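Please read the following report alongside the sequence and the three-dimensional view, taking the fold as a whole before turning to single residues.

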Amino acid sequence: MLLALALSASPLGCTADEKAPAPASSARPAPSPRAHLRSLQGAVQVKRAAADDWSPAQEDLPLFENDKVRTEAGARADLVFASDGGTVHLGADSLIGIAETRLRPGQQRTDLTVLRGRIDAELERPAAQSLSVTTPAATIQAGREIVFQ
């Protein structure tokens, strides 16, 4: 049994100059952050898209698609969007998710899902930016005009 293990671990048929082929690397680029957390006050937590647990948020923490942010009673946080500098102020006792964004040519877009609480948004250049906020009951889009659906 010991001999069989030793043989299976050695590269059969390879000379000292030959190397086994490297595993194929993933062609996917690393995801870019959608936003960063700023101006944290009180208990603010983040749940990563691939995580099961909530963790304490930190100043300037990058947020990616499908990450969630929650604030406890008396807490606040700002989300500054990487694509356009727009800011969303997250109020106390709130829960939001960074939604998957479907990019439109020529327009910078931000999509959020508000599960509870209050947000206030500031768009730097409303003519070139779009903010879509989805709640369990409605979708609101803001840019040059506000559309209620």
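From the N terminus on, the elements of the protein chain follow the order α-β-β-β-β-β-β-β-β-β-β-β-β-β, which comes to 1 helix and 13 strands. The model is a predicted one, and its chain has 149 residues, of which 28% count as buried. Among the contacts in the chain with a separation of 6 or more, 42% are accounted for by residues 24 or more positions apart. The protein chain exposes about 9800 Å², and carbon and sulfur atoms supply 55% of this area.

Next comes the pairing of the strands. An open sheet is formed by 5 strands in the order β4-β1-β6-β7-β10, with antiparallel pairing. At its edges stand β4 (62-63) and β10 (119-122), and each has a single partner strand, so one side of each is left without a neighbour in the sheet. Further pairings involve β5, which runs antiparallel both to β2 and to β8.

| Strand pair | Bridges | Sense | Residue pair |
|---|---|---|---|
| β7 and β10 | 4 bridges | antiparallel | Leu90 and Ile119 |
| β2 and β5 | 4 bridges | antiparallel | Val44 and Thr71 |
| β5 and β8 | 3 bridges | antiparallel | Val69 and Ile96 |

In a regular strand the side chains alternate between the two faces of the sheet. Strand β5 (residues 68-71) has a covered face, with Val69 and Thr71, and an uncovered one, with Lys68 and Arg70. On that uncovered face, the charged end of Arg70 sits over the ring of Trp54, 4.2 Å from its centre. The structure holds 0 aromatic pairs.

What does the largest nonpolar core contain? It has 21 residues, and those with the most contacts inside it are Leu37, Leu63, Val69, Leu79, Ile96, Leu112 and Ile119. Several strands each supply at least two residues of this core, among them β1 (35-41), β2 (44-47), β7 (87-90) and β9 (108-116), while the largest share, 3 residues, comes from β6. Val69, which lies on the covered face of β5, and Ile96, which stands opposite Val69 in β8, are both among the core residues with the most contacts.

Note on methods: Residues numbered from 1 in each chain as written. Predicted model: local features only at pLDDT ≥ 70, side-chain atom pairs only at ≥ 80, totals over all residues. Heavy atoms only, no water. Buried < 20%, exposed > 50% of the residue type's maximum accessible area, 1.4 Å probe, protein only. Contact = heavy atoms within 4.5 Å. Areas by Shrake-Rupley, 256 points an atom, 1.4 Å probe, with all protein chains shown as cover. Core = buried A, V, L, I, M, F, W, Y, C linked by side-chain atoms within 4.5 Å. Pairing = 2+ DSSP bridges. Phe/Tyr/Trp six-rings, centres within 6.5 Å; stacked < 30°, edge-to-face > 60°. Lys NZ or Arg CZ within 6 Å of the ring centre and 35° of its normal.
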